[in-house]
Amino acid sequence: MSRKVAVVTGSNKGIGLAIVRGLCKHPYPGDVLLTARNEQLGLEAVAALRKEGFNPLFHQLDICDPVSVQRLHDHLLQNYGGVNVLVNNAGMAFKVNATEPFGEQAEVTMQTNFYGTMQVLHSLLPLVKPQGRVVNVSSIASKRALCQCSPTLQARFRDSSIGEEDLCQLMQQFVSDAKAGDHLEKGWPSTAYGTTKIGVTVLTRIQAHQISEQRPNDGILVNACCPGWVRTDMAGPKAPKSPEEGAETPLYLALLPPGLTEPHGQFVSEKKVEEW
């Protein structure tokens, strides 16, 4: 029960896999759980890392499936009594040349990137142990998308008193407006991915505030981060950063030493807090 454990969602490839590799290389003083929606792909990733001399463990996780999320919750509770490090990396984006209607892209992307991440947080945040670290992988696209929002929407997203219910209403409004085809007229940007990552960044701030109120003496740090433009299946081969370089800021936040009070509830890029 006292053994430490770090969990990385969506980690069978790309930045997630690089984060798992980085934790193993550190080495993290406990178990490192590589998770993936597809069990075969997850087990293949674990096997590849073991050939490199590392020893991650695998657990299936589909962040959009409440049964799958609950299974991971139960596994962590029964085997570790909680979780020490949680990196919410799982996410998706449609390709630039995707043919699906924008409304469909908005709904599908929102379901994974925002609601899936929120579902994992609701399930696992209560399990985070004192001095735990929670890292939500957002994107610089969230900053760009925010700047493209109308002044009214920007003010709502930047409001320090915004609650989870208000945020969910805004995210759902974007999907509804995107489906109706009048999202631009309503003040939204033309990026589904960027808008979902606005949600992730603001959700991070909300969750950090709640943790500070509910468990003020536990030293838990919750942050969002931008890994940069990374060569992955999602971002394509022209991106300047390798997955290992993209993993640097998430790893920095996941491995912040005990006793720190900052950063917390922040958006971090290149290991530095950014105004958002």
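## About the model

This is a predicted model: local features need pLDDT of at least 70, side-chain atom pairs count only at pLDDT 80 or more, and totals for chains, interfaces and linings use all residues. Residues are numbered from 1 along each chain as its sequence is written, and side-chain values use heavy atoms, with hydrogens and water left out.

## The sheet

Helices (H or I, at least four residues) and strands (E, at least two) are DSSP runs, numbered from the N terminus. Eight strands make an open sheet of mixed pairing, in the order β3-β2-β1-β4-β5-β6-β7-β8. Its edge strands, β3 and β8 (272–274), each pair on one side only; pairing here requires at least two DSSP bridges between two strands.

Back to our opening pair: β6 (residues 221–226) and β7 (residues 267–269) run parallel, joined over 3 bridges.

## Helix α3

Now for α3, which covers residues 66–80. After the helix comes G81, with a positive phi near 70 degrees.

The buried residues (under 20% relative accessible area, 1.4 Å probe, protein chains only) are S68, V69, L72, H73, L76 and Y80. Viewed down the α3 axis, they fall within an arc of 145 degrees (taken from the directions from the axis to the C-beta atoms), so they line one face of the helix. V67 and Q78, exposed (over 50%), sit on the face turned away from that buried side.

Methods
The expected span of a helix is 1.5 Å times one less than its number of residues.
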